[in-house]
Amino acid sequence: MFGKSRAPHKDTGVILRETAGRLDMPARRVFLRNAIGLGSLTFLTGCDVVDGFSAERMLQSVSDFNDRVQALLFDPNKLAPEYPESAITRPFPFNAFYSEDKAPVIDPGDFHLDVTGLAETKKPWTLEELYALPRFTQITRHICIEGWSAIGKWTGVRFSDFLTRIGADTSAKYVTFRCDDNYITSIDMPTALHPQTQLTFWFDDQLLPRKYGFPMKLRIPTKLGFKNPKHIGEIEIGNEFNGGYWETYGYNWFSGL
Amino acid sequence: MSMPSVVLLPPHANARQPLIHPLIVRITHWINAVAIIVMIMSGLEIHNAYPTLPFKAPRMLTLGGWLGGATQWHFAAMWVLMTSGLTYVTYGFISGRFKRKLLPISLSEAAADARAALSGRLSHDDLSIYNAVQRLLYSGVILAGIVAVLTGLAIWKPVQLQTLTLFFGDFGRARIIHFLAMCAIFLFLALHVVMALAVPKSLRAMIRGR
């Protein structure tokens with residue numbers, strides 16, 4: 001059921017915009033109200049004083065600028081700190097845009113991972129095939145945009161190895177993840193190729209539990225938590241910018257650590 | 001010839017009044033003020049997403065409407081604060097202004113001056129010389145500002161700038177210190193605004209320079 005619900009790429013932008021338009025309005029209104037109320041402050045930033053939409057556009061363009069700054073700051077060889085087993089946070093927090101009981105139920109026998117876009121081999125992957133790939137383990141800190149952090153242990157395949165296996169065009173700009181919980185996010189290629197970026201199948205020596213993203217998530221210790229998609233169903237390599245779920249609401253796209 | 005009013009001093013009289021705050025100090029002071037207020041308000045909204053305090057900051061003190069909007073304000077105003085703050089601090093050190101105006105710092109002198117101020121015996125006649133309370137608080141807020149910026153960088157980039165994050169302990173501790181530095185600046189701001197309004201000529205000096 002979830003396999004079929006994956007959004008086809010052509011429509012993703014439209015769907016996202018529609019979703020944002022529907023779900024975002026209360027928050028957006030509050031945001032704009034505040035922006036207008038603080039009109040007297042906005043003279044500093046050079047936008048129209050009373051035009052809330054203009055303040056929003058100005059902030060979004062600074063956020064885009066911050067994407068470029070962070071891409072420059074990103075050192076592909078700099079590793080996120082790793083911790084001893086004793087530092088692991090247990091229980092590890094659950095966080096999503098839905099409650100824990102709404103996490104998708106995925107039948108492992110039925111599951112397949114789709115590869116689309118700029119890759120030579122686009123055959124779907126079964127879990128059995130994915131589990132057979134060489135794996136590594138990391139104990140790293142997951143940092144949430146909300147301000148909390150937790151140390152966890154994740155095991156899976158190095159994402160750069162996976163990209164090599166599917167013959168991905170690593171000169172492409174983005175990798176987009178479409179998920180079976182209807183989440184979507186995209187990352188820059190340098191981060192996709194970072195040695196700690198991992199296609200994760202195990203958490204704390206157990207099969208990745210449903211609440212943490214069964215059957216697989218992408219673990220990126222060099223980015224904020226919301227850039228670590230769970231329940232991944234499709235991986236697309238391409239040059240078209242697809243943004244993401246939270247990014248549509250205003251979270252910074254790069255969100256590097 | 002009639003007596004010149006305060007606002008309409010003839011040019012030669014004006015020139016004899018010493019310049020208390022050079023233009024670069026006045027410009028960066030006001031830009032810093034606005035940037036810091038935006039940083040505090042958006043920061044409090046970010047705080048509310050995962051409160052450090054046992055309560056959430058009231059809505060009237062926050063900016064951005066929700067976490068996403070607040071982070072956009074925070075990561076926009078940080079460039080303004082870093083540029084203007086760095087200019088202000090660099091000028092203060094290189095010109096010798098900080099050394100001249102803020103030293104020496106003495107807690108006992110500050111306590112004595114604070115008592116004098118509370119009993120109405122502390123004079124603000126010469127605005128170019130700071131009393132011991134001012135020296136302590138102005139130095140303190142500059143230090144708090146530097147700590148806020150450094151811990152801010154430490155929690156913004158805990159991987160790329162991990163040495164800095166480690167210097168403050170870890171991500172969680174750096175975040176708490178960031179919050180405490182904000183509290184210090186917040187308290188300073190409250191007192192500073194009250195004092196500037198209580199001694200209007202000090203406010204005028206930060207606008208006109210004299």
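**Close-up views of a two-chain model**

**View 1. The largest nonpolar core.** Six residues, V38(B), M39(B), I40(B), W73(B), A77(B) and I185(B), touch the most other members of the largest nonpolar core, which has 45 residues. At least two residues of this core come from each of α3 (52-73) and α7 (245-249) of chain A, and likewise from each of α2 (23-49), α3 (67-94), α6 (132-156) and α8 (171-198) of chain B. With nine residues, α6(B) gives the most to this core. The model shown here and in the other views is predicted.

**View 2. Surroundings of I185(B).** Neighbours within four places in sequence are left aside in this view; I185(B) is then in contact with I36(B), I40(B), V141(B), A144(B), G145(B) and A148(B).

**View 3. The contact of chain A with chain B.** Chain A puts 31 residues into the contact and chain B 26 residues. On the side of chain A that touches chain B, two or more residues are given by each of α2 (25-37), α3 and β2 (136-143) of chain A. The largest share of that side is the five residues of α3(A). Sorted by class, the side of chain A that touches chain B has 18 nonpolar, nine polar and four charged residues.

**View 4. The loop with P84(A).** P84(A) sits in the loop between α3 and β1 (114-117) of chain A. P84(A) is exposed because 8 other C-beta atoms lie within 10 Å, and a residue counts as exposed at 12 or fewer. From P84(A) to F65(A) the C-alpha to C-alpha distance is 36 Å, with 19 residues of sequence separation.

**View 5. Two cis peptide bonds.** In chain A, F214(A) and P215(A) are joined by a cis peptide bond with omega about 5 degrees. P215(A) belongs to the loop between β7 (206-207) and β8 (217-219) of chain A. In chain B, a cis peptide bond links L103(B) to P104(B), with omega about -5 degrees. The loop between α4 (97-102) and α5 (107-118) of chain B holds P104(B).

View 6. Most residues other than glycine have a negative phi. For D204(A), phi is positive, near 55 degrees; D204(A) is in the loop between β6 (198-203) and β7 of chain A. D204(A) is partly exposed, with 17 other C-beta atoms within 10 Å. For S255(A), phi is positive, near 40 degrees, and S255(A) is in the segment after α7 of chain A. S255(A) is buried because 25 other C-beta atoms lie within 10 Å, where 20 or more are required.

Note on methods: Residues are numbered from 1 along each chain as its sequence is written. Chains are lettered from A and ligands numbered from 1 in the order in which they are written. This is a predicted model: local features need pLDDT of at least 70, side-chain atom pairs count only at pLDDT 80 or more; totals for chains, interfaces and linings use all residues. A nonpolar core is a set of buried Ala, Val, Leu, Ile, Met, Phe, Trp, Tyr and Cys residues joined through C-beta atoms within 7 Å. Helices (H or I, at least four residues) and strands (E, at least two) are DSSP runs, numbered from the N terminus. Two residues are in contact if their C-beta atoms, placed from the backbone, lie within 7 Å. Ala, Val, Leu, Ile, Met, Phe, Trp, Tyr, Cys and Pro count as nonpolar, Asp, Glu, Lys and Arg as charged, and the others, Gly among them, as polar.
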